[in-house]
Amino acid sequence: MNRREHLKLTAAAALAASAFPMSAAHARSNGISIDHARSALIFIEFQNEWLAPDAPLNRLMEDRRQFDDAVRNAALIVEAARRTGFPVVHAGLSLVNDPGYALFGGGKTQSGLRGAIPKAGTWRDPQRVAFPEPFTPRAGEFVIAGRSGASVLTNSNLDAFLRNNRIDQIFLLGFALHVCVESTMRHAHDLGYDVTVISDAAPAFTGEQRDHVLAHVIHHFGRDLTTAQLLQEIERTHA
C-alpha cells in the first residue's frame with residue numbers, strides 16, 4: 001500500500017469514527033476490551049464469489065450501500081490488523097476439488113445450502129474462490145481448510161488453530177450476516193469463545209435482515225461493535 005492509499009484509509013477511519021458517538025472507553029465499560037495475545041479477526045468469505053461484480057452471490061446483495069460500506073470497512077480493518085500485528089484468519093470456502101458436490105450428496109434432495117450451492121454452481125471455480133486484494137492472505141495469516149458447513153468452524157481446522165494459539169476472543173466480519181456470520185457466531189458461542197460481530201462489516205442481503213440480527217439475535221450469543229469502535233480499540237491496545 002502506497003502513502004496516498006494509506007492516507008485515504010486513515011481519513012476514512014477518522015470519518016467513520018466521527019459518525020459513531022460511542023468511544024472506545026464506553027465500549028470497554030460495556031465489557032469490550034481486546035487482548036491482542038488472545039484475539040483474532042476472522043474474515044468470512046472475502047472471496048470473488050461475493051466481491052466480483054459479476055458473481056451470482058454478489059447479486060444477492062439487494063442493499064448495495066450496506067454491501068459497499070462493509071467492504072470498505074473490512075479493508076480498513078485488515079490494514080489496521082496488518083499494521084499492528086493483530087492476528088488475521090481467512091475463513092473461506094472452496095469446493096474446487098469437489099466439482100460434483102459429493103460433500104453435499106450432489107445436492108440431490110438436499111435442503112438448505114446443501115441443495116442451493118450445487119444448484120447455483122458456486123464455490124468450485126478457482127478464480128471465484130480466490131481472495132482478491134486487499135484480502136489476499138499474507139504470510140503468517142491463517143487460512144482455514146476442511147470447512148463443510150455454514151459455520152466456518154464446521155469440520156474445519158479453525159477451532160484447533162484458535163485453541164493451539166490460546167485464542168478465545170474472536171471478531172467476525174464477512175458474508176452474509178444472517179447466514180454464515182450468524183451460524184459461526186452461534187457455533188463459536190457454544191464452543192466457549194467470546195464472540196463479537198463487526199456490525200458494519202458484515203452485510204445482510206437487505207436492511208431488514210441486518211436489523212433483525214442486530215436487534216434480536218446477536219445479544220444471545222455475543223456482542224457487536226462498529227468498525228470505528230474496533231479500530232479505536234485496536235489502536236489503543238497496540239500503543
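**Close-up views of a helix pair and its salt bridges**

**View 1. Helices H4 and H10 in contact.** In this predicted model, the axes of helix H4 (residues 64-84) and helix H10 (residues 227-238) come within 10 Å and cross at roughly 5 degrees. H4 is therefore roughly parallel to H10 (angles under 35 degrees count as roughly parallel). Axes are lines fitted to C-alpha atoms, for helices over the stretch in contact, and angles run from 0 to 180 degrees between N-to-C directions. Helices (H or I, at least four residues) and strands (E, at least two) are DSSP runs, numbered from the N terminus. On the H4 side, the contact (heavy atoms within 4.5 Å) is made by Asn73, Leu76, Ile77, Ala80, Arg83 and Thr84. On the H10 side, Thr227, Leu230, Leu231, Ile234, Glu235 and His238 take part. These residues divide into six nonpolar, four polar and two charged. Here Ala, Val, Leu, Ile, Met, Phe, Trp, Tyr, Cys and Pro count as nonpolar, Asp, Glu, Lys and Arg as charged, and the others, Gly among them, as polar.

**View 2. The salt bridge between Glu235 and Arg83.** A salt bridge is a side-chain nitrogen of Lys or Arg within 4 Å of a carboxyl oxygen of Asp or Glu. In this pair the closest N and O atoms are 2.8 Å apart. Glu235 lies in helix H10 and Arg83 in helix H4, so the bridge ties together parts that are 152 residues apart in sequence. Glu235 is partly exposed at 33% relative accessibility, and Arg83 is partly exposed at 40%. Buried means under 20% relative accessible area, exposed over 50%, and partly exposed in between (1.4 Å probe, protein chains only).

**View 3. The salt bridge between Arg236 and Glu233.** The closest N and O atoms of this pair are 2.8 Å apart. Both residues belong to helix H10, three residues apart, which means a separation of about one helical turn. Arg236 is partly exposed at 37%, whereas Glu233 is buried at 2%.

**View 4. The salt bridge between Asp54 and Arg128.** Their closest N and O atoms are 3.8 Å apart. Asp54 lies in the loop between helix H3 (48-51) and H4, and Arg128 in the loop between helix H5 (113-120) and strand S3 (142-143), so the pair ties together parts that are 74 residues apart in sequence. Arg128 is partly exposed, with a relative accessible area of 23%.

**Notes.** Residues are numbered from 1 along each chain as its sequence is written, and side-chain values use heavy atoms, with hydrogens and water left out. Local features need pLDDT of at least 70, side-chain atom pairs count only at pLDDT 80 or more, and totals for chains, interfaces and linings use all residues.

Technical notes: Angles under 35 degrees count as roughly parallel, over 145 as roughly antiparallel, 65 to 115 as roughly perpendicular and the rest as oblique.
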